[in-house]
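Q: Got a model open here and want to go through its contacts with you. Can we start with the rings?

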Amino acid sequence: MSRFLPAIIAAFAVFGVADFASAQFQPVYETVAITEFMNTPIGESDGRTWIELYNFGKEPVDLRGFSISDGKDDLVLIPEATIKPGDFAIIVIGHDFNRFGDERKKLFEAEWLGGKADPRVIGVDNRLYLDRADGIILMNRRKVPIWLLGYRADGGGGYSTYLAMSNFDVRNYGTVAKPSINRHGLDGTVIGYEGQDDTNEAGAYKSDVSALEKLSGFLYKSKETGGNNEPSVGSPLKGNYKPKP
């Protein structure tokens with residue numbers, strides 16, 4: 001299955017414009033999309049849960065002041081970072097207050113990048129827990145939602161969920177209260193997000209759990225060493241998305 005699937009019907013309007021009479025302002029939505037996320041890795045999830053952002057515009061986007069919420073109680077602030085046009089950022093999150101952003105960043109880099117540091121990988125200090133069924137809301141520095149999604153408990157553990165089309169006109173895929181993502185088919189009225197376990201994606205690859213076992217202080221035991229952790233499957237930093245012309 002191709003990573004990019006066309007929308008099967010016209011994209012629908014997703015955000016209401018502020019009342020012109022009262023606000024005299026039409027919100028500008030930055031060109032940042034949530035293109036992939038890992039919500040339920042097998043085994044220890046703190047530091048192995050992540051959200052991929054992509055800049056589909058023509059100009060760099062400064063993420064200072066941006067935030068990500070689950071639509072309930074948790075909110076994380078994105079540290080200073082800039083996404084170049086046609087490039088990504090990985091926000092590594094977790095549920096444990098005892099693990100900080102630099103540790104989470106190292107965990108991601110060990111598991112997915114062979115231990116090589118990458119400035120596009122950003123670990124956050126505060127807590128954000130993504131459940132099997134949840135929501136993700138990306139907000140700009142004005143606290144205006146610019147990308148929304150809500151997903152059901154329909155994905156297998158250890159597999160990421162990715163945006164399977166390069167049409168970024170649709171920015172609303174539901175909320176935690178009313179999820180729209182179906183990882184096995186249509187997302188409401190369009191083909192949007194898909195689960196990596198449902199496809200034979202050339203861009204998807206297995207993570208290296210064994211590398212985590214080499215990090216001092218982190219107890220990740222793979223099945224090969226008598227534990228229960230398995231590799232995850234995803235394609236972080238590998239999407240072939242294209243900026244808007």
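This is a predicted model: local features need pLDDT of at least 70, side-chain atom pairs count only at pLDDT 80 or more; totals for chains, interfaces and linings use all residues.

Q: How is the pair of W50 and F108 arranged, and how far apart are the centres?
A: W50 and F108 sit edge-to-face. The centres are 5.8 Å apart, with 80° between the planes.

Q: Which parts of the chain does that pair link?
A: Distant ones. W50 is in strand β2 and F108 is in helix α2, 58 residues apart.

Q: Are W50 and F108 buried or exposed?
A: Both W50 and F108 are buried.

Q: Which residues form an aromatic cluster?
A: F37, W147, Y151, Y173 and Y193 form one cluster.

Q: OK, sheet next. What is the strand order in the open sheet?
A: The order is β8-β7-β2-β1-β11-β13. That makes six strands, and the pairing is mixed.

Q: Which are the edge strands?
A: β8 and β13, the latter covering 193-195. Each of them pairs on one side only.

Q: How much are neighbouring strands turned against each other?
A: By 25° on average, with direction ignored.

Q: What packs on that sheet?
A: Helix α2 does. It touches β1, β2, β7 and β8. The direction of α2 makes about 140° with that of β8.

Q: Now the pairings. Do β2 and β7 run parallel or antiparallel?
A: Antiparallel, with six bridges joining β2 (residues 49-55) to β7. Y54 has F88 as its bridge partner in β7.

Q: And β7 with β8, parallel or antiparallel?
A: Parallel there. Three bridges join β7 to β8, residues 121-123. I90 has V121 as its bridge partner in β8.

Q: How many bridges join β1 to β11?
A: Two, and those strands run antiparallel. β11 spans residues 161-163. E36 is partnered by Y162 in β11.

Q: Back to β7. How many of its residues are buried?
A: Six of six, across residues 88-93.

Q: Which residues point which way from β7?
A: F88, I90 and V92 point one way. A89, I91 and I93 point the other way. All of them are buried.

Q: Why do side chains alternate in a strand?
A: In a regular strand the side chains alternate between the two faces of the sheet. Here, both sets from β7 are buried.

Q: Over to α2. What should its 12 residues span?
A: At 1.5 Å a residue, α2 should span 16 Å. The end C-alpha atoms are 16 Å apart, which agrees.

Q: Which residues of α2 are buried?
A: G101, R104, L107, F108, E109, A110, E111 and W112.

Q: What follows α2?
A: G114 follows α2, and its phi is positive, near 65°.

Q: Charges now. How many salt bridges?
A: The structure holds eight salt bridges.

Q: Which residue does E109 bridge to?
A: K105, with the closest N and O atoms 2.7 Å apart. E109 and K105 are four residues apart in α2 (residues 101-112), so about one helical turn separates them.

Q: Is E109 buried or exposed?
A: Buried, at 5% relative accessibility.

Q: What about E30, which residue does it bridge to?
A: R142, with the closest N and O atoms 3.7 Å apart. E30 lies in the loop between α1 and β1, and R142 in the loop between β9 and β10, so the pair ties together parts 112 residues apart in sequence.

Q: Is E30 buried or exposed?
A: Buried, with a relative accessible area of 14%. R142 is partly exposed, at 39%.

Q: And which residue does D134 bridge to?
A: K72, with the closest N and O atoms 3.4 Å apart. D134 lies in strand β9 and K72 in the loop between β4 and β5, so parts 62 residues apart in sequence are tied together.

Q: Is D134 buried or exposed?
A: Buried, at 0% relative accessibility. K72 counts as partly exposed, at 47%.

Key:
Residues are numbered from 1 along each chain as its sequence is written. Side-chain values use heavy atoms; hydrogens and water are left out. A salt bridge is a side-chain nitrogen of Lys or Arg within 4 Å of a carboxyl oxygen of Asp or Glu. Buried means under 20% relative accessible area, exposed over 50%, partly exposed in between (1.4 Å probe, protein chains only). Two strands pair if DSSP finds at least two bridges between them. The expected span of a helix is 1.5 Å times one less than its number of residues. Rings of Phe, Tyr and Trp (its six-membered ring) pair if their centres lie within 6.5 Å; planes under 30 degrees apart count as stacked, over 60 as edge-to-face and the rest as tilted. Axes are lines fitted to C-alpha atoms, for helices over the stretch in contact, and angles run from 0 to 180 degrees between N-to-C directions. Contact means heavy atoms within 4.5 Å.
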